[in-house]
Amino acid sequence: MASSPSYLSDLFSLDGRTALVTGGSSGIGRAVAGALARAGARVVVVARGEEQLTATVAELAADGCRAAWVSGDLGSREGVRAVAEEAAGVFGEPDILVNCAGINLRPPMGELDEEVWDATLAVNLEAPFLLGQRFGPGMAGRGFGRIIHISSQQAHRAFVHSGAYGVSKGALESLARSQAEAWSPYGVTCNTLVPGFVMTPLNARLSSDRGRVSALAARTMAGRNGLAEDFEGAAVFLASRASGYVTGQSIHVDGGFSVH
Ligand SMILES: NC(=O)c1ccc[n+]([C@@H]2O[C@H](COP(=O)([O-])OP(=O)(O)OC[C@H]3O[C@@H](n4cnc5c(N)ncnc54)[C@H](OP(=O)(O)O)[C@@H]3O)[C@@H](O)[C@H]2O)c1
């Protein structure tokens, strides 16, 4: 068969799809939202800060993409419910849900109090669970859906006060497997992208320490730390028809960090 652009677009195009990307205003989520939008999806980005949300959507609109934002706090159940309804009201029920919003507060284990524990699990684990419960059954009913979580190498190893954060990310990968078990028979795949160390605002403090940054780069096979744009291709793959038989998986996008 001759090569043809329609072969690629048939596999990977997101034309006609609607996506909701939490944490889509910064770092990895912003890159993923941009990738899904440029691949053809209508994208709603969700976060708290309106300035970054506006800038993200303006950038996508300038590229001819269809994008919108919803501001809300995923740190409470009421907040998640409100965001879900508002987001679904923009372009309709999502075909693709990306759970990328996350926080990493990093107190040493001995100082990890209930407030940090609750806040971490609320944003990193409970919001993805509640959004899955809200949108997963609808995706299954329509016969197509993609749920993509963003966990962390800290789901697999302790690393700089993993504390509640590592727990939340380990459980997130378990959640993906439970969702995959429930909804894969109905065309809904549920997978996790696992970053290593990525140069984003989340890591601003660590990223300003040149010695730590180059030591971490040396622990990868690629010889450098991650960038937000490294997640674009994997996200489009997992959101597209191409990944229809990939489900329940944790896919490391980390330059080989996890296997070095
Ligand atoms: N960077 C890394 O090295 C790394 C490594 C492993 C895993 N990860 C994971 O990758 C994901 C993205 O991280 P990143 O590095 O791109 O971080 P980032 O640049 O700090 O972005 C985090 C995003 O989440 C949003 N967010 C945080 N708390 C929220 C809340 N309560 N309600 C709604 N939105 C909220 C933020 O917007 P607002 O603050 O405006 O709400 C922002 O859009 C996270 O889940 C993180 O755990 C990152």
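1. Helix H4, in what is a predicted model, runs over residues 77-91 and has 15 residues. From its first C-alpha to its last, H4 reaches 23 Å, which is close to the 21 Å expected at 1.5 Å a residue.

2. Which residues of H4 are buried? They are Val80, Val83, Ala84 and Ala87. Because these residues cover an arc of only 105° around the axis, they are placed on the same side of H4. On the other side of the helix, Glu78, Glu85 and Gly89 are exposed.

3. As for what the buried side meets, the buried residues of H4 pack against three strands, namely S1 (18-22), S2 (42-47) and S3 (67-71), and also against helix H5 (114-142). Past the end of the helix, H4 is followed by Gly92, and the phi of Gly92 is positive, near 105°.

4. Arg106 is found in the loop that lies between strand S4 (96-99) and H5. Is Arg106 buried, exposed or partly exposed? Since a residue needs 20 or more C-beta neighbours within 10 Å to be buried and 12 or fewer to be exposed, Arg106, with 16 inside 10 Å, counts as partly exposed.

5. The second case is Val160, with a phi near 50°, again a positive value in a residue other than glycine. Val160 has its place in the loop between strand S5 (145-150) and helix H6 (163-183). Val160 counts as partly exposed because it has 15 C-beta neighbours inside 10 Å.

6. Turning to the ligand, 28 residues surround it, and the closest are Gly23, Gly27, Arg48, Gly49 and Gly102. Helix H2 (residues 27-38) gives the most to this shell, with three residues. When the shell around the ligand is sorted by class, it has 13 nonpolar, 13 polar and two charged residues.

7. On annotation, UniProt lists residues 17-186 for "domain: Ketoreductase", and the entry is an unreviewed one; the annotation may be inferred rather than shown by experiment. Over residues 17-186 of the model, the chain is 53% helix and 15% strand, while the end C-alpha atoms of this stretch are 17 Å apart.

Technical notes. Residues are numbered from 1 along each chain as its sequence is written. This is a predicted model: local features need pLDDT of at least 70, side-chain atom pairs count only at pLDDT 80 or more; totals for chains, interfaces and linings use all residues. Helices (H or I, at least four residues) and strands (E, at least two) are DSSP runs, numbered from the N terminus. The expected span of a helix is 1.5 Å times one less than its number of residues. The arc is that of the directions from the helix axis to the C-beta atoms. Two residues are in contact if their C-beta atoms, placed from the backbone, lie within 7 Å. A residue is near a molecule or strand if its C-beta atom, placed from the backbone, lies within 6 Å of it. Ala, Val, Leu, Ile, Met, Phe, Trp, Tyr, Cys and Pro count as nonpolar, Asp, Glu, Lys and Arg as charged, and the others, Gly among them, as polar.
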